[in-house]
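Have the structure open as you read.

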Amino acid sequence: MRGTMRTVVSALVAAAVVLGASAPAAAFCVFNCNYTKTKYPIVLEHGLGGFDELFGVYSYWFGIVGALEDGGARVFTTTVSQLNSTEARGEQLIDQIETITALTGKPKVNLIGHSHGGLDIRYVAAVRPDLVASVSSVATPHKGAALADYLRANVKDGSFTEAVLAYFANSLGTVIGLLTGHSNPQDGIAALSSLTSSGLAAFNAQYPQGVPASACGSGAASVNGIRYYSWSGTGILTNALDVSDSSLALSSFFYPEANDGLVGKCSSHLGTVIRDNYFQNHLDEVNQILGLVSIFESSPPSIFRAHANRLKAAGL
Ligand code: CA
């Protein structure tokens, strides 16, 4: 249990330790300058333990924001509680989307969420469909994450272990929050419960939009005029230089199906499944750490660019 906790914490911390580096700046565009120019702004919502920028310079979406902006997209990154329930994070996200629509004069946004962020954006689309043109999830555990099930099963309600887990998780979330200049409330146990298979079964019953009816099929491409898409990876050890790969290799043992270290292949399905087996692990999907991903796979920024072009072609 202690080893597992250490693995989880180190995986979370791994994303946060590379401080002081800055993401590549948007290059001067000479061709394909409108490739990603969507009708509505693109909003990127981070996952559990995530952030928008550390110290205002290191982006969770490493090299992705610039790649999207190069092609003409208007891009916003949001920050919600690093560790909290989907509903709590979703409500915080709604506040930020309202600011974005006011700022841009566009009535809706294209939401893209990584990991837990994919659940937050589903919540927003369900309760505030007027604000949403599309929902795209990247490696989101729509049917639950096996690691969350394991932790929840081994951490009993009100136990000493739960108190310790909550303390560490909430502290980590608060530290990341402070580094990013935000102070959203943290609740590690609520976050964990939101990511278990039983937590997701309840969430899916209440917010079924885009969720596949079968265990590993696709969901509806469009619900109430909102498009739904998803993609994910099944790589683990993808780059020998990336220290986070070993943590993901350990956590991948909890999964009965192909996975990216934290999210199973079939669990990631939502709406139109673009692809579910990129040779990418859970951090590669957002081009972490520092762009250390497999050289034998499409680069994460190019995958995001292709998706923005897909949204543009759909009139979004
Ligand atoms: Ca990596």
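H3 passes H4 in a right-handed crossing. Bear in mind that this is a predicted model. The axes of H3 and H4 are 8 Å apart, at an angle of about 65°. With 65 to 115 degrees counting as roughly perpendicular, H3 and H4 are therefore roughly perpendicular to each other. On the H3 side the contact includes Leu-93, Ile-94 and Ile-97, and on the H4 side it includes Ile-121, Val-124 and Val-127.

Now for the inside. The largest nonpolar core has 33 residues, and those touching the most other members are Ile-97, Leu-111, Val-124, Val-132, Val-135 and Tyr-228.

| Element | Residues |
|---|---|
| Helix H3 | 86-104 |
| Strand E5 | 109-114 |
| Helix H4 | 117-127 |
| Strand E6 | 132-138 |
| Strand E8 | 226-233 |

H4 gives the most, with five residues. Take Val-135: setting aside neighbours within four places in sequence, its contacts include Leu-111, Ile-121, Tyr-228 and Leu-270. Another core, of 21 residues, lies apart from the largest one, and Leu-44, Ala-73, Val-75 and Trp-231 are among its members.

What holds the calcium ion? Its protein donors are Asp-242 (OD), Asp-284 (OD), Gln-288 (O) and Leu-292 (O), lying 2.2 to 2.5 Å from the ion. Along the chain, these donors follow the spacing D-x41-D-x3-Q-x3-L. Asp-242 lies in the loop between E8 and helix H9, and Gln-288 in the loop between strand E9 and helix H10, so the pair ties together parts that are 46 residues apart in sequence. Asp-242 and Gln-288 are both buried.

Conventions: Residues numbered from 1 in each chain as written. Predicted model: local features only at pLDDT ≥ 70, side-chain atom pairs only at ≥ 80, totals over all residues. Heavy atoms only, no water. Core = buried A, V, L, I, M, F, W, Y, C linked by side-chain atoms within 4.5 Å. Buried < 20%, exposed > 50% of the residue type's maximum accessible area, 1.4 Å probe, protein only. Helix = DSSP H or I, 4+ residues; strand = E, 2+ residues; numbered from the N terminus. Contact = heavy atoms within 4.5 Å. Donors = N, O, S within 2.8 Å, 3.2 Å for Na, K, Ca; no water. Axes fitted to C-alpha atoms, helices over the stretch in contact; angles between N-to-C directions. Parallel < 35°, antiparallel > 145°, perpendicular 65-115°, else oblique. Left-handed = near helix turned anticlockwise from the far one by under 90°.
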